[in-house]
Amino acid sequence: MSLILRIFLISGSILTFLWIMYKIRKFEIVLKDALFWIIFAFLIALLGIVPSIINWAVSLLGIISPVNFIFLIILFILIIKLFSISMKMSSLESKLQALIQKYAIDKKEESDEKIKK
């Protein structure tokens, strides 16, 4: 793996880590969600610091270029994260719909009681 790619991975992961820390301090991201990005930045930095991990995996899987392997890993991890966000969003939409329906029923019962009085 080239020195430029290693420097890019390490500096990118450090910048990501610093940005996530800034967002945590500003209370713009929940620590639970930030933990994923912190671990992700750490793994990217690890790949940049210890390139033998990539070389071992590339030779094991028969991938031609270490850069392709890095892109494959990053893409795979982000697709998994996107799927988990999608599941969370579906759950929240279901809960929101149930809450709206309950609110509408409560309002209707409230207005019916006012009419009866």
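Visitor: How many salt bridges does the count come to?
Guide: The count comes to 4 salt bridges. Bear in mind that this is a predicted model.

Visitor: Which residue forms a salt bridge with Lys88?
Guide: Asp33 does, with the closest N and O atoms 3.3 Å apart. This pair links distant parts of the chain. Lys88 lies in helix α4 and Asp33 in helix α2, 55 residues apart.

Visitor: Is Lys88 buried, exposed or partly exposed, and what is its relative accessible area?
Guide: Lys88 is partly exposed, at a relative accessible area of 39%. Asp33 is partly exposed as well, at 27%. Both values lie between the cut-offs, since buried means under 20% and exposed means over 50%.

Visitor: How many residues apart are they in helix α4?
Guide: They are 4 residues apart, so about one helical turn separates Asp112 and Lys108. An α-helix has 3.6 residues a turn, so residues three or four places apart point the same way.

Visitor: And how exposed are those two?
Guide: Asp112 is partly exposed, with a relative accessible area of 28%. Lys108 has 49% relative accessibility and also counts as partly exposed.

Visitor: Which side chain meets Lys23 in a salt bridge?
Guide: That of Glu28, at 2.6 Å from N to O. Lys23 is also listed among the buried residues of α1.

Visitor: Let's switch to the inside. Which residues make up the largest nonpolar core?
Guide: There are 10 in all.

Visitor: Helix by helix, then. Which residues of α1 are buried?
Guide: Leu5, Leu9, Ser13, Ile20, Lys23 and Ile24. The buried residues of α1 pack against α2 and α4.

Visitor: What span should α1 have, and how far apart are its end C-alpha atoms?
Guide: With 23 residues at 1.5 Å a residue, α1 should span 33 Å. The end C-alpha atoms are 33 Å apart, so the two agree.

Visitor: What follows α1?
Guide: Phe27, in the loop between α1 and α2. Phe27 is not a glycine, yet its phi is positive, about 60°.

Visitor: Is Phe27 buried or exposed?
Guide: Exposed, with a relative accessible area of 77%. That is an exposed residue because the cut-off for exposed is over 50%.

Visitor: On to α2. How many residues does it have, and how far does it reach?
Guide: α2 has 19 residues and reaches 26 Å from its first C-alpha to its last. That is close to the expected 27 Å.

Visitor: What do the buried residues of α2 pack against?
Guide: They pack against α1, α3 and α4. The buried residues themselves are Ala34, Ile38, Phe40, Ala41, Ile44, Ala45, Leu47 and Gly48.

Visitor: Now the outside. Which residues form a nonpolar patch on the surface?
Guide: Leu35, Ile39, Phe42, Leu43, Leu46 and Ile53. Together they have about 520 Å² of accessible area.

Visitor: Which helix gives the most to the patch?
Guide: α2, with 5 residues. Leu35 is in helix α2 and counts as partly exposed, at 47% relative accessibility.

Visitor: Last topic, distances. How far is Ser52 from Met1?
Guide: Their C-alpha atoms are separated by 8.8 Å, although the two are 51 residues apart along the chain. Ser52 is in helix α3 and is partly exposed at 45% relative accessibility.

Visitor: And what separates Glu109 and Met21?
Guide: They lie 88 residues apart along the chain, with 48 Å between their C-alpha atoms. Glu109 is in helix α4.

Key: Residues numbered from 1 in each chain as written. Predicted model: local features only at pLDDT ≥ 70, side-chain atom pairs only at ≥ 80, totals over all residues. Heavy atoms only, no water. Core = buried A, V, L, I, M, F, W, Y, C linked by side-chain atoms within 4.5 Å. Buried < 20%, exposed > 50% of the residue type's maximum accessible area, 1.4 Å probe, protein only. Patch = residues over 30% accessible without salt bridge, like charges linked within 9 Å, V, L, I, M, F, W, Y side chains within 5 Å. Areas by Shrake-Rupley, 256 points an atom, 1.4 Å probe, with all protein chains shown as cover. Helix = DSSP H or I, 4+ residues; strand = E, 2+ residues; numbered from the N terminus. Expected span 1.5 Å × (residues − 1). Contact = heavy atoms within 4.5 Å.
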